[in-house]
Amino acid sequence: MSTDTENTPWMKPRSGDFTTKKVERPTRDFEVQSYLPAVTKGLVQTMGAFFKNTKEMILGQKKDPVIESLSWGITTISYPEEKRPYTDRFRGLHRLTIRDDGSPRCVACLCCSTACPAQCIHIEAGEYSEGDPRRGYERYPAKFVIDELRCIFCGFCVEACPCDAIRMDTGLHAVPYDSREQFIYGKDLLMGMTGRDGSRLTENPRHEPGDPDHPGIDRERAH
Amino acid sequence: MEPLDQDLEEGELEMPADPMMLNMGPSHPAMHGTVRIVVELSGETITKADVQIGYLHRGFEKMCERGNWNQCYPCVDRLNYVSPMLNNVGFSLAVEKMLGVTVPERTQYYRVALGELARICDHLTCNGAMAMELGAFTPFLWYVRAREMIWDIFEEETGARVTHSFGRVGGMAKPPTAYFKDVVRATIPRVLAVLTESEGLLLKNRIFLDRLENVGKVSKEVALDLGWTGPTLRSTGVPYDVRRAHPYLVYDRFEFDIPVGTTGDNFDRFMCRQEEIRQSARILEQCLDQMPDDGPINIDDPRVVLPPKEEVYSTIEGTIQHFKIVMEGIKVPAGEVYSYTEGGNGELGFYLVSDGSGTPHRVRIRPPCFAITQALERMIVGAMIPDIVPTFGSLNMIGGECDH
Ligand code: SF4
Ligand code: SF4
């Protein structure tokens, strides 16, 4: 890794001429010292907003808090009657994607639990049973548990998964429960969650062993 | 208890002359960031003060030394939790300095843009909270409303409102969204409008001015001796800004002024922050104009950044590279580095030591408000109890960063 001293962002020369700007000091003129004009002005400003907002409320001209969120006036969202849609990149609750036959896409490689800074993923790997074409080729998670209470929703697990098996695109935030056990999400629950588009499938184009057009080699059936 | 007026001589009616001890915090509405101030009072005047920090100590440095380099991001997010993006940027630059790599131009602009947005958030929160503590609740709500707009941008870009975890060594987690520039351009004028409107409520109000002007004064020399940086130092009249003194990223390409104060009192600190928001908006404008619309975001080095997902799914090279980085972490060459950037409160430094493995050997942070908070004691001694609130508020002490 070479160091190009001219252009590295941390070794630029000190910029010679910079401009400073003196901030204003308060003026203690009559208007300020007599106190009342400034307070009256403040009250007019706030009461103006109050009456305008009340009028809009009563006449039903309230701004749409989601679409017109940048406009003046009250844009408070009355949750849960109104909801803000979460953005595309929003990191919500996890889900496990599944294959066409309903088994989990996950191959129990432990990448996600290694990458997790909160150490809240617990996986126990299992071998497929004798005779299964996937035996010896990959494993499956016999147990896959995420503690959603411990999770900090950083998204590192999604980034670390080499199979697109875990995703955070459910568009759901962590919901309040009344006991800790309910936050421990097991494999079945995670597999049961769908993405925002309702799909449970994965974008991983990897072929299944046993596919007629499977290009790779596995241990039992070398080409 | 006996009623006092019975059988007492006139002379015995005097109040006891012992100094009175008063505890402020650790959980006090004005002590944001859980800090405790024990003050000794004579009447309402403070004769002695003892500022005790450490109530938010979370062992952040040790936590970073447990995982690999990229796993530090969630921890640095939580340092200065009002401007997490600036910490992300600072930490990325520190590790990249050690690696000796430079991120592509587009990422540099992207980092500047996100960093300046975070700086605006930081100053809005500080000034808003300060106004609220002095009884002006309306400006606080307006400031928070403006901050909300910026957090919406962050949610759009990073997927989380506060704890972004968005930086990565050698780039960013994701490229800017297609509408990033438009959203920022639409939002900034609104934020500035809110700022001007709130100023209209505050700057002519005598109550507000009386409590800020000439309270908590710090001279240039004292500020420098104490190691102050950031808006608090600039309010004393020293034009030191890391973005100008040691430009990093692409800050040397932008036109902006350094706001400086004259007296170093609470009012100057308030005004410096107000002006810095405007300057940040100026930087953002130029930054968005200059930022390329396409180009790589991550550096092209398979030892540092994760390969694209399609490669991981379909090629063995990609999969191996992916596993190496996830399982072992980025191998940063052995050595040590000190890297500094302008955080929300001043110079945010990271001192990192690597032993050549994928795990940081030592992570040390130089939080700007640690140096700033140590001045609080001498600022409030001799002042009155109500002066603590605006003085402490204008220092913008952030517990998560101070108790590193
Ligand atoms: S989002 Fe982060 S904390 Fe949560 S399970 Fe994934 S890696 Fe762990
Ligand atoms: S979810 Fe992905 S990263 Fe985690 S064990 Fe399964 S395949 Fe590996």
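Modeller: Before we start, one definition: two strands pair if DSSP finds at least two bridges between them. This model is a predicted one, by the way.

Colleague: Good to know! So how do β2 and β3 of chain B pair?

Modeller: Strand β2 (residues 36–42) and strand β3 (residues 45–52) of chain B are antiparallel, with 7 bridges linking them. In one of those places, Leu41(B) has Ile46(B) in β3(B) as its bridge partner.

Colleague: And what do β2(B) and β3(B) form?

Modeller: A hairpin, with 2 residues between the strands. Look at Gly43(B) in the turn: its phi is positive, about 70 degrees.

Colleague: Which residue of chain A has a positive phi although it is not a glycine?

Modeller: Ala108(A) does, at about 55 degrees. You'll find Ala108(A) in the loop between β2 and α3 (111–115) of chain A. For background, most residues other than glycine have a negative phi.

Colleague: Is Ala108(A) buried or exposed?

Modeller: Ala108(A) counts as buried because it has 20 C-beta neighbours inside 10 Å, and the cut-off for buried is 20 or more.

Colleague: What about Asn214(B), what is its phi?

Modeller: Asn214(B) is also not a glycine, and its phi is positive, near 60 degrees. Asn214(B) sits in the loop between α7 (206–212) and α8 (220–225) of chain B. With 12 other C-beta atoms within 10 Å, Asn214(B) is exposed, since that label goes to residues with 12 or fewer.

Colleague: New topic! Where is the cis peptide bond?

Modeller: Between Tyr79(A) and Pro80(A), with omega about 0 degrees. Pro80(A) belongs to the loop between α2 (36–59) and β2 (95–96) of chain A.

Colleague: Can we zoom out? How many helices and strands does chain A have?

Modeller: Chain A has 5 helices and 6 strands. Their order along the sequence is β-α-α-β-α-β-β-α-β-β-α. Of its 223 residues, 21% count as buried.

Colleague: Now the two chains together: how many residues are in contact?

Modeller: On chain A 49 residues, and on chain B 61 residues. Several elements of chain A each bring at least two residues to that side, namely β1 (19–22), α1 (30–33), α2, α3 and α4 (156–160). The largest share comes from α2(A), with 5 residues. By class, the side of chain A that touches chain B has 21 nonpolar, 16 polar and 12 charged residues.

Colleague: Which strand of chain B is joined to β1(A)?

Modeller: That's β6 (residues 257–260) of chain B, which runs parallel to β1(A), with 4 bridges between them. For one spot to look at, Thr19(A) stands opposite Asp257(B) in β6(B).

Colleague: Last topic, the ligands. Which residues are closest to ligand 1?

Modeller: Cys116(A), Ala118(A), Cys151(A), Cys154(A) and Cys157(A) are the closest of the 14 residues around ligand 1. That shell has 13 nonpolar residues, 1 polar and no charged.

Colleague: And which come nearest to ligand 2?

Modeller: Cys106(A), Cys109(A), Cys111(A), Cys112(A) and Cys161(A), out of 13 residues around ligand 2. The ligand 2 shell has 13 nonpolar residues, with no polar and no charged ones.

Terms used:
Residues are numbered from 1 along each chain as its sequence is written. Chains are lettered from A and ligands numbered from 1 in the order in which they are written. This is a predicted model: local features need pLDDT of at least 70, side-chain atom pairs count only at pLDDT 80 or more; totals for chains, interfaces and linings use all residues. A residue is near a molecule or strand if its C-beta atom, placed from the backbone, lies within 6 Å of it. Ala, Val, Leu, Ile, Met, Phe, Trp, Tyr, Cys and Pro count as nonpolar, Asp, Glu, Lys and Arg as charged, and the others, Gly among them, as polar. Two residues are in contact if their C-beta atoms, placed from the backbone, lie within 7 Å.
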